[in-house]
Amino acid sequence: SKQIALSNENQWANLIEQLVDIRIQKGLPQQAVADLLGVTQPAVAQLELITSNPTINRIKLYALALGVELKLGVKG
């Protein structure tokens with residue numbers, strides 16, 4: 001349903017916001033993360049947009065570049 005989709009989008013947006021906050025707290029510029037990921041700085045900027053809809057794998061790699069662990073789970 002539309003409400004479930006919206007809730008899911010908000011959860012992903014919150015996750016991305018948390019990761020960006022961690023990057024900023026660690027003093028890492030987007031370029032440093034881009035270098036670790038082997039992508040361009042604009043690619044990192046795009047990933048950090050809450051409307052970007054990145055893949056789970058890309059988010060996992062971004063988290064690893066920040067030195068944090070991303071835990072995914074399933075709730076019933």
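**Ground rules.** This is a predicted model, so I kept local features to pLDDT of at least 70 and side-chain atom pairs to pLDDT 80 or more, while totals for chains, interfaces and linings use all residues. Residues are numbered from 1 along each chain as its sequence is written, and side-chain values use heavy atoms, with hydrogens and water left out.

**Entry 1: Leu28.** I found Leu28 in the loop between α1 (2-25) and α2 (30-37); helices here are DSSP runs of H or I with at least four residues, numbered from the N terminus. Leaving aside neighbours within four places in sequence, I listed Arg23, Val33, Ala65 and Leu66 as its contacts, a contact being heavy atoms within 4.5 Å. Leu66 sits 38 residues from Leu28 along the chain, yet their C-alpha atoms are 8.2 Å apart.

**Entry 2: the core.** Next I looked up the largest nonpolar core, which has 13 residues. By definition such a core is a set of buried Ala, Val, Leu, Ile, Met, Phe, Trp, Tyr and Cys residues joined through side-chain atoms within 4.5 Å. Leu19, Val33, Val44, Tyr62 and Leu66 have the most contacts inside this core. The elements giving two or more residues to it are α1, α2, α3 (41-48) and α4 (56-66), and α4 gives the most, with five. I then checked Val33: not counting residues up to four places away in sequence, Val33 touches Arg23, Leu28, Val44, Tyr62, Ala65 and Leu66.

**Entry 3: α2.** Which residues of α2 are buried? I noted Gln30, Val33 and Ala34. They lie on the same side of α2 because they cover an arc of only 105 degrees around the axis, taken from the directions from the helix axis to the C-beta atoms. On the other side of α2, Asp35 and Leu36 are exposed. Just after α2, I saw that Gly38 takes a positive phi of about 75 degrees.

Note on methods:
Buried < 20%, exposed > 50% of the residue type's maximum accessible area, 1.4 Å probe, protein only.
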